[in-house]
Amino acid sequence: MSFQKEKGLVKEFYEDLQLATNDKLSDVMGRFCAPNLLWRGFHPFGQISGVHDVAENFWGPLRNSLKRMQRRQDIFFAGCNSLTDEREVWVVSMGHLMGLFDHSWLGIRPTGKMAFLRYCEFNKVQDGKIVETAMYFDIPHLMVQAGQNPFPPQTAAHLVQPGPLTHDGILGTDQPAEEGEQTLALINAMISDLGQWKSGLTLSEELSRTWHDDMIWWGPEGIGATYTIERYGKQHAGPFRAAFAERSKTKHVCRLAEGHYGGFFGWPNFTAVPTGGFMGMPATQTPGEFRVIDIYRRAGDKLAENWIFIDLLHFWKQQGVDILERTTGIGSAQV
């Protein structure tokens, strides 16, 4: 099955968006997106309907802040949503939006220096138009670059995160169907293990079923990146499981794979109740949503790398803490 037509549309959209002046953003989006585009973004943006509002509320202000912005893409693939019976094609792009941080964005102080906004974007293409977008981005990561650290010290590492070790994440040609099927099957097996938390195995034994021992988990700011099953268990998975109870079943909007790459997103993916300390903050006993994108690279019969985007600003706001307002002095309603 070929996805070149859908990939070509998204690629052309990115190119025209890059070249457009801010007053032409709505026009560009109108050429490539359905008028009633459904756009999902991390807090404080949430869900936006219509190309004009997306251009005015997200792209325009961001481009005004990150001058001469480049889309530095590390992963690009497409596939059919495995969660629907119909042929529903999504195109996935992941990397950084890089520019000169010359003007404030969301109250974050400009630095006049290069800045990188981690992003991952899922675009649903139907009848020659982008009809849905999930645009997830790591705002706290940008805040740290600007010297406004919103969280206590994290358990893993802060990095401007690289793309795949294999440097083969841009899938410009069709991939063998069986490779994508193998990747998707492995992701599904991992989700099944992850969703239990009570498999009867140790955490290391559970992870070893679907992960290479030298796995890399490229986590969001506030948690960080970690390397090897042992350190991932100590620096994220173990503390996370100890901090939460009543984890709901996993629910995704889209889950797909092509070649050795795959991923998913939800709105939300799951809910859980903080019953222990997490990220240096006390338990609240209040259920919270986790809006997440996960992107995976498979190597052989195991997962090797995982890039994760979690809307921690949204999660903590549900717990009664507006991290963005607390750090920048600007409330969400003013953004």
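Me: What makes E1 and E6 count as paired strands in this predicted model?
Reply: Strands pair if DSSP finds at least two bridges between them. E1 and E6 (residues 129-137) have five bridges, in the parallel sense, so they count as a pair. Trp-39, for instance, has Thr-133 in E6 as its bridge partner.

Me: And how do you know that E1 pairs with E2?
Reply: Four bridges join E1 to E2 (residues 46-49), and at least two are needed, so that's a pair too. These two strands run antiparallel. Gly-41 stands opposite Gly-46 in E2, and a hairpin of four residues joins E1 to E2.

Me: Why is E1 called largely enclosed?
Reply: E1 covers residues 33-41, and seven of its nine residues are buried, so the rest of the structure largely encloses this strand.

Me: What about Cys-254, and which cysteine has the sulfur closest to it?
Reply: That's Cys-80, at 9.6 Å, so again too far for a bond. A search of the whole structure turns up zero disulfides.

Definitions and conventions
Residues are numbered from 1 along each chain as its sequence is written. This is a predicted model: local features need pLDDT of at least 70, side-chain atom pairs count only at pLDDT 80 or more; totals for chains, interfaces and linings use all residues. Side-chain values use heavy atoms; hydrogens and water are left out. Buried means under 20% relative accessible area, exposed over 50%, partly exposed in between (1.4 Å probe, protein chains only). A disulfide is a pair of cysteine sulfur atoms within 2.5 Å.
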